[in-house]
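Me: I am new to this structure and would like to learn how to read it. Please take me through it one feature at a time.

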Amino acid sequence: MRYEVPFVPDPAYAALLAARAGDIAAVYFRLGPDIPDARLPGMGDAAPQELAAGLAAMPGLPRLGLLNAAFYAPEALSGDGLRDLLLLLEGYLAAGAITGIVYADHYLLTALSDASPEVAGALVAVPSINFRLDRFERLAAVLEAIDDTAFRPPDAVILDRDLNRDTARLADLAGRARRAFPGLRLGLMANEGCLYACPFKTAHDAHIALSRLAACRLGPDTHRELGCLRTFFAHPGRMLASPFIRPEDAHSLEGLVDFLKVCGRTRPAADLAVIVAAYLDGGYHGNLAWLLDTQEILSGRLDVPNEALPADFFARTDGCSHHCRTCGYCAALAGRIVREREMGLPRLGG
């Protein structure tokens with residue numbers, strides 16, 4: 001299995017990617033500290049010049065800039081805001097540092113295409129996973145919409161996270177997609193830690209986008225008090241019902257998809273190296289919650305030992321009905337292996 005991974009300009013992390021170049025399908029990156037994407041504003045995001053220098057040293061690999069906020073301000077669709085964004089993309093192109101963008105706002109894609117067909121024509125447009133490409137008709141509609149712009153069509157897409165452990169549905173969609181779009185590579189998100197069919201997802205993405213436009217505070221406190229973290233803590237079984245793919249289970253998707261995407265762009269580079277290496281090596285010994293996107297916030301409170309999951313975990317949960325109250329498998333498993341960690345300061349001395 002090959003992997004699409006975040007790029008951060010850290011020497012040790014860059015060395016890992018260089019050493020495993022044959023296993024890397026693509027890299028993705030934040031275009032700059034002031035460019036909204038599908039994450040809350042981070043601390044210490046690299047400047048475009050630093051990113052471009054590192055990315056230019058990876059020729060032949062797809063390098064995808066993130067423009068995947070759920071929506072962008074009206075002023076980003078015209079005038080100075082649109083001009084500044086195009087200038088940034090032109091700079092990355094001139095540096096040989098970008099081959100495409102990941103987008104979620106089709107208004108923005110159309111505006112960029114209209115304003116500079118030249119820039120658009122030099123880049124592929126990759127639909128964000130948050131288009132929820134869970135059936136053929138939705139995939140075909142999104143690809144057709146890209147064809148209406150000057151952007152190049154994507155050569156790879158990430159299918160919806162809810163297909164991760166539903167290989168029958170995945171095989172059906174993948175088969176239809178490959179017949180209709182020869183050469184299109186298909187992927188899934190690997191360390192996905194969201195609730196299955198998350199009921200908070202639409203509002204969550206909107207809040208993240210709004211946080212870049214106004215004083216709309218959203219973060220761990222919101223999730224803990226009202227959202228998914230509250231649900232996970234109250235019902236640890238739903239952590240296991242989340243549609244993640246463990247490093248040990250990636251092989252189960254060989255032949256169905258072409259690559260998996262590893263999340264963690266906002267994590268420290270040292271953590272990101274451990275996460276990516278776990279998937280490249282096909283195994284992880286430690287707290288599964290720490291490995292997963294979203295759930296890592298709970299890893300200081302809950303210990304979910306990855307090695308304690310049974311070897312047939314993927315097979316047992318493949319094609320799950322998600323009638324959790326009737327089934328009870330994940331809840332019972334969580335009851336045996338999930339432990340609340342002791343709170344407090346570390347003990348010092350003897």
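This is a predicted model: local features need pLDDT of at least 70, side-chain atom pairs count only at pLDDT 80 or more; totals for chains, interfaces and linings use all residues.

Me: What radius of gyration does the protein have, and how does one read it?

Reply: The value is read against that of a compact globule with the number of residues in question. For 350 residues, such a globule would have a radius near 20 Å; the protein has 20 Å, so the two agree. The C-alpha trace spans about 60 × 55 × 40 Å along its principal axes. Of the 350 residues, 50% count as buried.

Me: How many helices and strands are there?

Reply: The protein has 16 helices and 10 strands. To see how the chain comes together, look at contacts with a separation of 6 or more: residues 24 or more positions apart account for 76% of them.

Me: Is aspartate 293 buried or exposed?

Reply: A residue counts as buried when its relative accessible area is under 20%. Aspartate 293 has 11% relative accessibility, and therefore counts as buried. Its place is in the loop between helix H13 (288–291) and strand E9 (302–303). Beyond its neighbours within four places in sequence, aspartate 293 is in contact with Arg39, Asn191, Glu192, Gly193, Cys194 and Cys263.

Me: How many salt bridges does a search of the whole structure find?

Reply: The search finds 20. One of them joins arginine 265 to aspartate 37, with the closest N and O atoms 3.1 Å apart. This pair links distant parts of the chain, 228 residues apart: arginine 265 is in the loop between strand E8 (259–261) and helix H12 (269–281), and aspartate 37 in the loop between strand E2 (24–30) and helix H2 (48–56). Both residues are buried.

Me: Which residues are linked with Arg20 in a network of salt bridges?

Reply: The network links Arg20, Asp23 and Asp281. Within it, the side chains of arginine 20 and aspartate 23 meet at 3.0 Å, N to O. Arginine 20 is partly exposed, with a relative accessible area of 23%, and aspartate 23 is partly exposed at 26%.

Definitions and conventions:
Residues are numbered from 1 along each chain as its sequence is written. Side-chain values use heavy atoms; hydrogens and water are left out. Helices (H or I, at least four residues) and strands (E, at least two) are DSSP runs, numbered from the N terminus. Buried means under 20% relative accessible area, exposed over 50%, partly exposed in between (1.4 Å probe, protein chains only). Contact means heavy atoms within 4.5 Å. The radius of gyration is taken over C-alpha atoms; the globule rule is 2.2 Å times the number of residues to the power 0.38. A salt bridge is a side-chain nitrogen of Lys or Arg within 4 Å of a carboxyl oxygen of Asp or Glu.
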